[in-house]
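Me: I'm new to this one and would like a tour. Please take it slowly and spell out the terms as they come up.

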Amino acid sequence: MLFAAVQVTWAASGTTVPWSPDVAYAPTVQLFLAALAVLAAGACLATTRPLARRGRVTVAASLILTVPVFVMGMAGLPAYFVMLASFSGVESATGLAHTLLSAVGAALLILVALSYRRRLRGRCPRCGHAHPGTSYGPLAHPGPALASKRTRRTVYLLMCGLLPWAGVKTIWTLGGDAIGVTAQGWREANEGASGVSKALASVGIDVTVLAGAAAVFLLLGLLYPWGQVFPRWTLFLSGRRVPRLLPLLPAWLCAVGLSVYGVALVVYAPLIAVGVLPKLKPSGAFTTSSGITCMVLFGGLAFGGLGFGLIAAARSYSARTRPICASAATPVATP
């Protein structure tokens with residue numbers, strides 16, 4: 001309802017909310033999003049009540065319709081994270097607000113849909129296990145466990161998609177030339193960067209590569225036991241259980257935008273290369289069309305690899321750490 005109220009306010013006041021750097025949401029689109037948000041709120045309330053078959057179908061259809069809309073609205077979340085982390089400033093405050101509201105809405109709707117699906121299947125809506133007793137009280141958490149070998153191999157393979165993109169950016173930052181971009185051109189193109197970005201670049205570290213490294217750290221935490229129990233180097237937190245949503249929320253929120261964006265770039269670059277789509281004109285530090293096309297492909301491999309890697313790792317982490325209501329009669333099983 002908060003999302004709907006904000007959208008109506010923006011539409012009535014003519015506030016510009018960017019959908020992309022060059023395109024803004026039309027007032028009619030904002031009103032349509034507000035209507036979808038009201039529909040989603042009604043569906044959420046309906047999931048807590050006993051419904052006939054027609055009501056269950058209506059609620060399910062409403063959630064299926066609205067969840068993708070909110071998920072697409074939060075696709076720019078990783079980009080805003082990099083902007084804020086590098087102190088580069090935010091291009092649009094309304095764009096950031098819309099992305100954050102969409103992210104919160106998507107998270108709430110997904111949790112409601114998951115709980116509703118469990119309830120329809122006769123499982124506990126809170127923990128997802130089939131057990132007698134109430135769904136309240138303390139939760140029993142499984143012990144630390146390593147992700148399966150298959151999951152680890154899949155994530156490692158997807159992480160390799162970072163190498164071309166990070167390698168080229170590191171070459172530029174260190175003063176080298178690659179794919180039609182010179183070190184001088186790269187420095188000139190980044191003259192307006194924040195002080196943090198310039199300080200990192202002076203020691204050969206690109207801020208976006210550093211953000212990619214942070215994503216890799218998150219991936220490893222989702223795969224290994226130290227992501228479930230704080231390790232020794234965390235000092236006073238050492239030995240304590242890691243709150244389950246602490247790694248899962250950023251993983252799921254970033255995974256969606258990264259994977260969608262990555263797939264789009266990976267499809268886009270070959271279509272340009274074979275002439276199906278018009279060639280990209282050199283811009284910024286790029287001096288050749290082939291160079292910028294290569295970077296589009298490298299970016300797609302990097303973002304798509306991180307996105308799908310986060311999805312695979314988060315699914316494994318979610319299964320390995322899923323608690324069960326302590327009142328359940330059956331013991332906790334670790335997948």
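This is a predicted model: local features need pLDDT of at least 70, side-chain atom pairs count only at pLDDT 80 or more; totals for chains, interfaces and linings use all residues.

Me: How many helices and strands does the protein have?
Reply: Helices (H or I, at least four residues) and strands (E, at least two) are DSSP runs, numbered from the N terminus. The C-alpha trace they belong to spans about 70 × 55 × 40 Å along its principal axes. Going by those runs, the count is 12 helices and 4 strands.

Me: What percentage of the residues in the protein is buried?
Reply: Buried means under 20% relative accessible area, exposed means over 50%, and partly exposed is in between (1.4 Å probe, protein chains only). Of the 335 residues, the buried share is 40%.

Me: How far apart are the end C-alpha atoms of helix H2?
Reply: Expected span is 1.5 Å times one less than the number of residues. H2 covers residues 27–46, which is 20 residues, so it should span 28 Å. The model agrees with that, as the end C-alpha atoms are apart by 29 Å.

Me: Which helices do the buried residues of H2 pack against?
Reply: The buried residues of H2 include Leu33, Leu36, Ala37 and Ala40. In general, an α-helix has 3.6 residues a turn, so residues three or four places apart point the same way. The buried residues of H2 pack against helix H1 (2–13), H3 and helix H5 (93–120).

Me: Which residues does Leu65 contact, leaving aside its neighbours within four places in sequence?
Reply: Leu65 sits in helix H3 (residues 53–73), and its relative accessible area of 46% makes it partly exposed. Its C-alpha is 8.8 Å from that of Ala40, 25 residues away in sequence. With those neighbours left out, its contacts are Leu36 and Leu39.

Me: Which helix gives the largest share of the lining of the second largest pocket?
Reply: A pocket is an open set of points on a 1 Å grid over the protein atoms alone where a 1.4 Å probe fits, with protein on both sides within 12 Å along at least five of seven lines; lining residues have an atom within 4 Å of a point. This one is lined by 32 residues, with Ile110, Leu111, Leu114, Arg118 and Ser318 nearest its centre. H5, helix H11 (245–273) and helix H12 (289–321) each supply at least two lining residues. The largest share, 8 residues, comes from H5.

Me: How much space lies in the second largest pocket?
Reply: Grid points are joined across faces, edges and corners, and a volume is the space filled by probe spheres set on the points. For this pocket that comes to about 1100 Å³.

Me: Is Leu235 buried or exposed?
Reply: Leu235 is found in the loop between helix H10 (207–223) and H11. Its phi is positive, about 60 degrees, although it is not a glycine. At 66% relative accessibility, Leu235 counts as exposed.

Me: What is the relative accessible area of Ile179?
Reply: Ile179 is in the loop between helix H7 (162–173) and helix H8 (183–189). It has a positive phi of about 40 degrees although it is not a glycine. Ile179 is partly exposed, because its relative accessible area is 25%.

Me: Which residues does Leu297 contact, leaving aside its neighbours within four places in sequence?
Reply: Leu297 belongs to helix H12 and counts as partly exposed at 30% relative accessibility. Its C-alpha is 13 Å from that of Leu280, 17 residues apart in sequence. Apart from those neighbours, Leu297 touches Val266 and Ala269.

Technical notes
Residues are numbered from 1 along each chain as its sequence is written. Side-chain values use heavy atoms; hydrogens and water are left out. Contact means heavy atoms within 4.5 Å.
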